[in-house]
Amino acid sequence: MSCCPIVSYLTFLLPYRTIGTMTTIALLALEGCLSSSVFGPLDVFATARREKNENTLRIHSTIVGRSPAPVTSFSGIPVTPSATIGDGEQYDHVLIPALFGGLKRHLADRPVIDWIRSQHQGGACICTVCAGSFLLAETGLLAGRPATTHWGLAGDFRKRYPDVLLRADRMLLDEGDYICSGGATAYLELSLYLLGKLGAPELAAECSRVLLIDARTNSQTPYMSTTYATDHGDPEVLAVQQYIEKHLPEKLNIEELARKAGITGRTLNRRFQRALRISPLEFIQDLRLDKAKKMLATDTQCVEQIGYAVGYEDSASFRRVFRKKVGLTPGEYRSRFAHCRP
């Protein structure tokens with residue numbers, strides 16, 4: 001079998017289930033879910049069954065709903081359950097889909113939350129996609145433990161679940177009894193990961209090749225966009241934020257920024273940390289890198305010019321910081337995202 005990136009990502013996993021044993025997976029269908037996060041895993045598992053392999057897994061996947069009635073997905077496509085949470089069935093894995101809108105309603109749905117908790121207590125590994133991590137956190141099972149979700153939801157997640165150790169930079173995080181995946185389409189990586197964890201990394205690699213799924217990275221960092229609160233209630237910090245955004249390419253000195261706000265540099269640092277949980281220097285760096293990412297994806301200027309345009313006079317320093325924070329070199333980032341250029 002030829003080499004494939006997914007092999008190196010999965011072969012470290014120790015099989016925890018004997019090949020040939022039936023594995024049951026419940027795909028939870030909820031109103032407003034991303035239909036592909038329900039049907040996508042079904043397609044990956046169906047592909048695994050189709051591929052002729054001596055280690056073929058026996059997987060039985062079931063779409064489970066709150067009731068037998070079809071739910072309306074985010075795209076308007078109905079998703080029809082073949083089982084319900086009231087059937088009393090215990091599954092080996094439960095997959096909570098990505099949810100677009102209506103999240104508060106789902107978090108208040110105690111029968112669903114209680115069912116997820118009871119499945120976990122019965123031995124099920126709970127798998128989440130994107131905002132699905134909120135439902136798992138709502139059960140209380142993540143208290144004091146690490147998790148991930150979509151980077152754009154990180155702020156809301158931290159506010160609601162401050163006792164969860166959120167790792168919003170991670171694309172996939174496996175804690176044994178639960179697995180969280182970050183992006184809305186991370187169900188692809190999650191499905192391949194499950195194939196490997198169930199004892200068939202070579203089959204996972206084959207599915208990766210057949211379906212053209214690139215699962216080489218476990219980081220959301222390249223996809224992140226910088227957004228910081230402006231409703232924190234600190235007028236001096238807000239004034240500095242706005243000044244930085246308008247003068248990003250210029251030399252920015254913390255003491256000078258503090259003087260413009262009528263406070264000391266030490267006070268500015270302390271209040272920035274309290275309002276935004278980062279230092280002013282980190283804020284400047286994040287905004288500069290965010291602008292650089294947008295330019296790399298949409299502009300034809302060379303890397304040195306882009307670095308200078310966002311405030312880095314030293315191109316070597318720009319490349320070093322970019323690689324450290326984004327996880328890719330500027331050139332690698334451009335190669336991956338320049339197709340977004342209009």
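Does Ala200 count as buried or exposed, and what is its relative accessibility? The views below take up this residue and its surroundings in a predicted model.

**View 1. Ala200 sits in a loop between two helices.** With a relative accessibility of 2%, Ala200 counts as buried, because buried means under 20%. Look also for Ala48: Ala200 and Ala48 are 152 residues apart in sequence, yet their C-alpha atoms are 9.6 Å apart in space.

**View 2. The whole protein, for orientation, has 15 helices and 11 strands.** Of its 342 residues, 49% count as buried. Among contacts with a separation of 6 or more, 66% are made by residues 24 or more positions apart. The protein exposes about 16200 Å², and carbon and sulfur atoms supply 52% of that area.

**View 3. The largest nonpolar core brings together 66 residues.** Trp115, Ile116, Leu135 and Leu195 are the ones with the most contacts inside this core. Helix H7 (residues 187-197) provides the largest share of the core, 6 residues. A second, separate core holds 17 residues, including Leu257, Phe272, Leu276 and Ile278.

**View 4. Leu135 and the residues it touches.** Leaving aside residues up to four places away in sequence, Leu135 touches Leu30, Ile96, Leu99, Leu103, His106, Leu107, Val112, Ile113 and Ile116. Leu135 and Ile116 are both among the residues with the most contacts inside the largest nonpolar core.

**View 5. Helix H11 (residues 265-276) has a buried side and an exposed one.** This helix of 12 residues reaches 16 Å from its first C-alpha to its last, close to the 16 Å expected at 1.5 Å a residue. Its buried residues are Gly265, Thr267, Leu268, Arg271, Phe272 and Leu276. They cover an arc of only 150 degrees around the axis, so they lie on the same side of H11. As a reminder, an α-helix has 3.6 residues a turn, so residues three or four places apart point the same way. On the other side of H11, you will find Arg266 and Arg274 exposed.

**View 6. What covers H11, and what follows it.** The cover over the buried residues of H11 includes helix H9 (235-246), helix H10 (254-261) and helix H12 (280-298). Two of those buried residues, Phe272 and Leu276, also belong to the second core. Just after H11 comes Arg277, which takes a positive phi of about 65 degrees.

Conventions: Residues are numbered from 1 along each chain as its sequence is written. This is a predicted model: local features need pLDDT of at least 70, side-chain atom pairs count only at pLDDT 80 or more; totals for chains, interfaces and linings use all residues. Side-chain values use heavy atoms; hydrogens and water are left out. A nonpolar core is a set of buried Ala, Val, Leu, Ile, Met, Phe, Trp, Tyr and Cys residues joined through side-chain atoms within 4.5 Å. Buried means under 20% relative accessible area, exposed over 50%, partly exposed in between (1.4 Å probe, protein chains only). Helices (H or I, at least four residues) and strands (E, at least two) are DSSP runs, numbered from the N terminus. Contact means heavy atoms within 4.5 Å. Accessible areas come from the Shrake-Rupley method with a 1.4 Å probe; for residues, only the protein chains shown count as cover. The expected span of a helix is 1.5 Å times one less than its number of residues. The arc is that of the directions from the helix axis to the C-beta atoms.
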